[in-house]
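Please look at the model before reading on.

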Amino acid sequence: MSILLIQSHYQDPFTMSPQAFAEATAQGKLIAVREIELTEADFAAASGLITTTHLDQVGFLKYAPAVASFLDRGGRWLFSGHMLRPILPELGTYIPLPQPKRADFGQVRQFDHPVFAGIDQRMLETNRGVAGFYGRGHNPMPPGAVAINTLGSAAVPVDWIWARPAGGEILSHAGNEFWGCGDDPDIKEKLAGRTVAWLAGELNR
(Lines give C-alpha, C1' and ligand atoms only; values in the text may rest on other atoms or scores of the structure.)
Protein backbone atom coordinates (compact mmCIF):
# COMPACT_ATOMS: atom_id res chain seq x y z
CA MET A 1 0.00 0.00 0.00
CA SER A 2 1.23 3.49 -0.79
CA ILE A 3 0.40 7.14 -0.32
CA LEU A 4 -1.72 8.60 -3.10
CA LEU A 5 -0.91 12.24 -3.84
CA ILE A 6 -3.50 13.81 -6.10
CA GLN A 7 -1.87 16.28 -8.50
CA SER A 8 -4.51 18.86 -9.26
CA HIS A 9 -2.54 21.37 -11.33
CA TYR A 10 -0.39 21.08 -14.41
CA GLN A 11 3.33 20.62 -13.86
CA ASP A 12 5.55 18.32 -15.89
CA PRO A 13 7.53 16.79 -14.35
CA PHE A 14 5.56 17.08 -11.13
CA THR A 15 7.53 17.81 -7.97
CA MET A 16 6.77 18.77 -4.41
CA SER A 17 9.36 21.16 -2.98
CA PRO A 18 10.51 19.37 0.21
CA GLN A 19 13.07 16.62 -0.35
CA ALA A 20 11.01 14.21 1.75
CA PHE A 21 8.45 13.89 -1.04
CA ALA A 22 11.13 13.16 -3.66
CA GLU A 23 12.62 10.48 -1.42
CA ALA A 24 9.24 8.88 -0.75
CA THR A 25 8.50 8.90 -4.49
CA ALA A 26 11.85 7.29 -5.31
CA GLN A 27 11.14 4.59 -2.71
CA GLY A 28 7.74 3.87 -4.23
CA LYS A 29 6.09 4.96 -0.99
CA LEU A 30 4.33 7.93 -2.56
CA ILE A 31 2.60 7.94 -5.96
CA ALA A 32 1.36 11.13 -7.64
CA VAL A 33 -1.67 10.78 -9.91
CA ARG A 34 -3.08 13.67 -11.90
CA GLU A 35 -6.63 14.40 -10.81
CA ILE A 36 -7.95 14.11 -14.38
CA GLU A 37 -6.49 10.58 -14.59
CA LEU A 38 -7.73 9.46 -11.17
CA THR A 39 -9.69 6.20 -10.88
CA GLU A 40 -11.37 4.44 -7.97
CA ALA A 41 -8.65 1.78 -8.20
CA ASP A 42 -6.11 4.39 -7.09
CA PHE A 43 -7.92 4.73 -3.75
CA ALA A 44 -8.19 0.95 -3.36
CA ALA A 45 -4.39 0.65 -3.62
CA ALA A 46 -3.63 3.44 -1.12
CA SER A 47 -3.27 3.60 2.65
CA GLY A 48 -2.60 7.37 2.73
CA LEU A 49 -4.01 10.29 0.76
CA ILE A 50 -2.79 13.84 0.13
CA THR A 51 -5.02 16.45 -1.49
CA THR A 52 -3.73 19.98 -2.01
CA THR A 53 -5.18 23.46 -2.14
CA HIS A 54 -5.51 23.01 -5.91
CA LEU A 55 -8.01 20.14 -5.63
CA ASP A 56 -11.03 20.41 -7.95
CA GLN A 57 -13.51 19.76 -5.15
CA VAL A 58 -16.51 19.71 -7.48
CA GLY A 59 -14.95 16.99 -9.64
CA PHE A 60 -13.69 15.16 -6.56
CA LEU A 61 -17.25 14.64 -5.29
CA LYS A 62 -17.72 11.72 -7.69
CA TYR A 63 -15.14 9.81 -5.64
CA ALA A 64 -17.12 10.11 -2.40
CA PRO A 65 -17.81 6.33 -2.19
CA ALA A 66 -14.15 5.54 -2.91
CA VAL A 67 -12.96 8.03 -0.27
CA ALA A 68 -15.41 6.61 2.30
CA SER A 69 -14.24 3.07 1.51
CA PHE A 70 -10.60 4.19 1.76
CA LEU A 71 -11.26 5.62 5.23
CA ASP A 72 -13.32 2.60 6.29
CA ARG A 73 -10.19 0.50 5.68
CA GLY A 74 -8.25 2.72 8.09
CA GLY A 75 -6.77 5.14 5.55
CA ARG A 76 -5.32 8.49 6.57
CA TRP A 77 -6.12 11.64 4.60
CA LEU A 78 -4.30 14.98 4.77
CA PHE A 79 -6.63 17.67 3.44
CA SER A 80 -5.10 21.11 2.75
CA GLY A 81 -7.22 24.07 1.76
CA HIS A 82 -10.67 25.48 2.16
CA MET A 83 -13.34 22.79 2.35
CA LEU A 84 -15.97 24.14 -0.05
CA ARG A 85 -17.58 20.90 -1.26
CA PRO A 86 -17.56 18.53 1.74
CA ILE A 87 -17.24 14.98 0.47
CA LEU A 88 -18.50 13.36 3.68
CA PRO A 89 -21.74 14.29 5.48
CA GLU A 90 -19.87 14.98 8.75
CA LEU A 91 -17.67 17.66 7.18
CA GLY A 92 -18.64 21.33 6.93
CA THR A 93 -17.91 24.29 4.69
CA TYR A 94 -14.91 26.56 5.33
CA ILE A 95 -15.47 29.60 7.55
CA PRO A 96 -13.10 32.58 6.99
CA LEU A 97 -11.93 34.90 9.76
CA PRO A 98 -14.07 38.07 9.74
CA GLN A 99 -11.85 41.07 8.89
CA PRO A 100 -8.71 39.59 10.48
CA LYS A 101 -5.94 41.69 12.03
CA ARG A 102 -2.33 40.57 12.59
CA ALA A 103 -3.14 39.32 16.11
CA ASP A 104 -5.74 36.97 14.65
CA PHE A 105 -2.98 35.07 12.82
CA GLY A 106 -1.10 34.20 16.01
CA GLN A 107 -0.83 30.41 16.24
CA VAL A 108 -1.20 28.32 19.39
CA ARG A 109 -0.52 24.60 19.77
CA GLN A 110 -3.45 22.88 21.45
CA PHE A 111 -2.54 19.24 20.91
CA ASP A 112 0.85 17.68 20.23
CA HIS A 113 -0.02 15.64 17.17
CA PRO A 114 3.17 13.82 16.06
CA VAL A 115 3.35 15.75 12.77
CA PHE A 116 3.75 19.01 14.73
CA ALA A 117 5.17 17.88 18.10
CA GLY A 118 8.22 19.88 19.20
CA ILE A 119 7.88 22.46 16.42
CA ASP A 120 7.44 26.08 17.52
CA GLN A 121 4.17 26.93 15.76
CA ARG A 122 5.03 30.64 15.88
CA MET A 123 7.75 29.92 13.30
CA LEU A 124 4.99 29.23 10.78
CA GLU A 125 3.05 32.45 11.30
CA THR A 126 4.77 34.48 8.57
CA ASN A 127 6.45 34.09 5.20
CA ARG A 128 9.06 36.83 4.77
CA GLY A 129 7.34 38.84 7.46
CA VAL A 130 3.84 38.56 6.01
CA ALA A 131 1.18 36.70 8.00
CA GLY A 132 -1.86 34.86 6.68
CA PHE A 133 -0.33 32.25 4.35
CA TYR A 134 -0.77 29.47 6.92
CA GLY A 135 -4.49 29.98 7.31
CA ARG A 136 -7.18 32.63 7.42
CA GLY A 137 -10.07 30.61 8.82
CA HIS A 138 -11.06 27.04 9.51
CA ASN A 139 -12.85 24.00 8.23
CA PRO A 140 -15.52 23.15 10.85
CA MET A 141 -14.55 20.26 13.10
CA PRO A 142 -16.83 17.22 13.06
CA PRO A 143 -17.96 15.89 16.46
CA GLY A 144 -15.05 14.11 18.12
CA ALA A 145 -12.33 15.99 16.23
CA VAL A 146 -9.41 17.48 18.19
CA ALA A 147 -7.92 20.91 17.49
CA ILE A 148 -4.16 20.76 16.88
CA ASN A 149 -3.35 24.42 16.16
CA THR A 150 -5.57 27.44 16.59
CA LEU A 151 -5.54 31.05 15.40
CA GLY A 152 -5.80 34.12 17.61
CA SER A 153 -7.63 34.73 20.83
CA ALA A 154 -10.78 33.16 19.34
CA ALA A 155 -8.91 29.82 19.12
CA VAL A 156 -10.04 29.16 15.56
CA PRO A 157 -9.08 25.52 14.76
CA VAL A 158 -6.95 25.95 11.62
CA ASP A 159 -5.62 22.38 12.06
CA TRP A 160 -7.50 19.44 13.48
CA ILE A 161 -7.43 15.68 13.54
CA TRP A 162 -10.50 13.49 13.37
CA ALA A 163 -10.51 9.77 14.10
CA ARG A 164 -13.58 8.85 12.10
CA PRO A 165 -15.87 6.47 14.06
CA ALA A 166 -16.37 4.31 10.96
CA GLY A 167 -12.61 4.12 10.41
CA GLY A 168 -9.70 6.16 9.17
CA GLU A 169 -8.39 9.60 10.13
CA ILE A 170 -8.53 13.03 8.54
CA LEU A 171 -5.99 15.77 9.29
CA SER A 172 -7.49 19.03 8.08
CA HIS A 173 -5.33 22.08 7.45
CA ALA A 174 -7.39 25.09 6.32
CA GLY A 175 -4.73 26.87 4.31
CA ASN A 176 -1.74 26.53 2.03
CA GLU A 177 0.23 23.30 2.51
CA PHE A 178 1.86 23.77 5.93
CA TRP A 179 5.23 22.40 4.80
CA GLY A 180 5.47 25.48 2.55
CA CYS A 181 4.84 27.98 5.35
CA GLY A 182 7.37 29.89 7.44
CA ASP A 183 10.95 30.73 6.52
CA ASP A 184 12.87 27.89 8.19
CA PRO A 185 13.85 25.18 5.66
CA ASP A 186 14.59 22.66 8.41
CA ILE A 187 11.04 22.99 9.78
CA LYS A 188 9.57 22.62 6.29
CA GLU A 189 11.55 19.42 5.69
CA LYS A 190 10.60 18.09 9.12
CA LEU A 191 6.89 18.72 8.51
CA ALA A 192 7.01 17.07 5.08
CA GLY A 193 8.90 14.05 6.38
CA ARG A 194 6.54 13.60 9.30
CA THR A 195 3.53 13.96 6.99
CA VAL A 196 4.80 11.10 4.84
CA ALA A 197 5.55 9.00 7.93
CA TRP A 198 2.12 9.65 9.44
CA LEU A 199 0.30 8.81 6.21
CA ALA A 200 2.36 5.62 5.90
CA GLY A 201 1.31 4.57 9.40
CA GLU A 202 4.87 4.90 10.72
CA LEU A 203 4.10 7.83 13.02
CA ASN A 204 1.30 7.48 15.53
CA ARG A 205 -0.05 9.33 18.52
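Two strands pair if DSSP finds at least two bridges between them; strands (E, at least two residues) and helices (H or I, at least four) are DSSP runs, numbered from the N terminus. The model is predicted, so local features need pLDDT of at least 70 and side-chain atom pairs 80 or more, while totals for chains, interfaces and linings use all residues. Residues are numbered from 1 along each chain as its sequence is written, and side-chain values use heavy atoms, without hydrogens and water.

Eight strands form an open, mixed sheet in the order 2-1-3-4-12-11-10-6. Its edges are strand 2 and strand 6, each pairing on one side only. Within the sheet, strand 10 and strand 11 pair in the antiparallel sense over five bridges. Valine 146 stands opposite isoleucine 161 in strand 11.

| Strand | Residues |
|---|---|
| Strand 2 | 30-34 |
| Strand 6 | 107-109 |
| Strand 10 | 146-151 |
| Strand 11 | 156-163 |

Helix 5 (residues 185-199) lies across strands 1, 2, 3, 4, 11 and 12, where contact means heavy atoms within 4.5 Å. The helix runs at about 145 degrees to strand 4; axes are lines fitted to C-alpha atoms, for helices over the stretch in contact, and angles run from 0 to 180 degrees between N-to-C directions.

A search of the whole structure finds one cavity of 30 Å³ or more. On a 1 Å grid over the protein atoms alone, a cavity is a set of points where a 1.4 Å probe fits but cannot get out, and lining residues have an atom within 4 Å of a point. Among the residues that line the largest cavity are Trp77 and Phe79.

Note on methods: 1 Å grid on protein atoms, 1.4 Å probe; cavity = no way out; pocket = protein on both sides within 12 Å on 5 of 7 lines; lining within 4 Å. Points joined across faces, edges and corners; volume = space filled by probe spheres on them.
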